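Subject: Structure for you to look at

Hello,

Here is the structure I said I would pass on. My notes on what was found in it follow below.

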Amino acid sequence: MASEELARKLQRRLQRGPAQEGDPEPASAAACALEPAPEPELPAGAPTASPDAELSAQLSRRLDINEGAARPRRCKVFNPYTEFPEFSRGLIKDLESMFKLYDSGRDGFIDLMELKLMMEKLGAPQTHLGLKSMIKEVDEDFDGKLSFREFLLIFHKAAAGELQEESGLLALAKLSEIDVALEGVRGAKDFFEAKVYALASASKFEAELKAEQEERKREEEKRRLRQAAFRELKATFST
């Protein structure tokens, strides 16, 4: 009996693999019969966290930033009225309409082909390299196309005198139907003069904003009156 019990123990030991030294022996044969629960297996393709990989990615991005090759991360929501306070609300809306007019893909960007069509319609066609140079001049995120913020930056630089005479962007700003120098920064020669003008026109901005709010209130009141009249008419026919 003792030899059979020893044989069973050895067989179970072989099935489980070699045990580490110092493992306690089972208290009884019934306890030995209990097999250890298998460890849960990870599903195929499940991502595994690797501190080394995360550290490597962070170091790689830091190296790209130092070399100027990293794309900037933009976390905040773009607000044209706060980022370009030197532009009036009316001017920004006109520029937004112009941007959407040439954004034929409706993806929120003007790509190379859309810019090509835009310059042709403005009467200043550009070469392929010229178009790429235009985008590169204001392409802050290096995606090879113009966002609305970068589009506004063109007119900001044009009004501030920061564009070269031979620049295609200057031709774009001059040939557009929007007189940025008149409606925007009033021909400010540099960024600081534009800021001074923005502070001086703060009251005008507030007046425009208040006028828009009053207009919305009037429209809401008209809509409410129309709904009330419709309900009265409906009640008359229902009785």
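Predicted model: local features only at pLDDT ≥ 70, side-chain atom pairs only at ≥ 80, totals over all residues.

A charge counts as sitting over a ring if NZ of Lys or CZ of Arg is within 6 Å of the ring centre and within 35 degrees of the ring normal. Lys145 qualifies: its charged end sits over the ring of Phe109, 4.4 Å from the centre.

On aromatic rings, the structure holds five aromatic pairs. One aromatic cluster is formed by Phe78, Phe99, Phe148, Phe151 and Phe155.

The largest nonpolar core has 31 residues, and Leu115, Met118, Phe151, Phe155 and Leu172 have the most contacts inside it. Two or more residues of this core come from each of helix H5 (89-102), H6, H7, H8 and H9. Leaving aside residues up to four places away in sequence, Leu115 touches Ile110, Leu131, Met134, Ile135, Leu146 and Leu172.

Helix H7 spans residues 128-138, and its buried residues are Gly130, Leu131, Met134, Ile135 and Val138. Why do they lie on the same side of H7? Because they cover an arc of only 135° around the axis. Helix H6 (112-121), helix H8 (148-159) and helix H9 (168-175) are among what covers these buried residues. The face of H7 turned away from the buried side carries Leu129 and Lys136, which are exposed.

Regards

Conventions
Residues numbered from 1 in each chain as written. Heavy atoms only, no water. Buried < 20%, exposed > 50% of the residue type's maximum accessible area, 1.4 Å probe, protein only. Helix = DSSP H or I, 4+ residues; strand = E, 2+ residues; numbered from the N terminus. Arc of directions from axis to C-beta. Contact = heavy atoms within 4.5 Å. Phe/Tyr/Trp six-rings, centres within 6.5 Å; stacked < 30°, edge-to-face > 60°. Core = buried A, V, L, I, M, F, W, Y, C linked by side-chain atoms within 4.5 Å.
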